[in-house]
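Thanks, I'll keep this short. Please have the sequence and the model open while I talk.

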Amino acid sequence: MATKVGIKKGDTVSMRYVLRDDDGEIIDSNDGEEDLVYVHGKQQIVIGLERELTGMKVGESKSVTVSPKDG
């Protein structure tokens, strides 16, 4: 779980997500399923998303756009 100071390298993070294309259509989601769990800083998710999640706190939500070069 992320600490009170926010997500940092080595933290085990669980998250819910909705992935949309440029037109807002849903491409993928884990809504109604198990959370996605990964270890922050271990390159288990795309680098652009990992960078945007750094520092987030438990319960916080965020909308993120990842460029193709960071995807």
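Start with Asp-11. This is a predicted model, and in it Asp-11 has a relative accessible area of 7%. The cut-off for buried is under 20%, so Asp-11, at 7%, counts as buried. Asp-11 sits in the segment before strand E1, which covers 12-15. What lies 2.9 Å from a polar atom of the Asp-11 side chain? That is the backbone nitrogen of Lys-8.

Next, His-40. Its place is the loop between strand E4, residues 36-39, and H1. His-40 is buried too, because its relative accessible area is 3%, against a limit of under 20%. Setting aside neighbours within four places in sequence, His-40 is in contact with Asp-11, and also with Ile-7, Lys-8, Lys-9, Gly-10, Val-13, Glu-50, Leu-53 and Thr-54. For Glu-50 there is a C-alpha distance as well: 7.0 Å from His-40, with the two residues ten apart along the chain.

Now the core. Which residues make up the largest nonpolar core? There are eight: Ile-7, Val-13, Met-15, Tyr-38, Ile-45, Leu-49, Leu-53 and Met-56. As background, nonpolar side chains tend to be buried together in soluble globular proteins.

Last, Tyr-38, which is one of those core residues. Not counting residues up to four places away in sequence, Tyr-38 touches Val-13, Met-15, Ile-45 and Leu-53, along with Asp-11, Thr-12, Gln-44 and Glu-50. That brings us back to Asp-11, which is touched by Tyr-38 and is also among the contacts of His-40.

Conventions:
Residues numbered from 1 in each chain as written. Predicted model: local features only at pLDDT ≥ 70, side-chain atom pairs only at ≥ 80, totals over all residues. Heavy atoms only, no water. Helix = DSSP H or I, 4+ residues; strand = E, 2+ residues; numbered from the N terminus. Buried < 20%, exposed > 50% of the residue type's maximum accessible area, 1.4 Å probe, protein only. Polar contact = N/O pair within 3.5 Å; in protein donor to acceptor, adjacent residues only side chain to side chain. Core = buried A, V, L, I, M, F, W, Y, C linked by side-chain atoms within 4.5 Å. Contact = heavy atoms within 4.5 Å.
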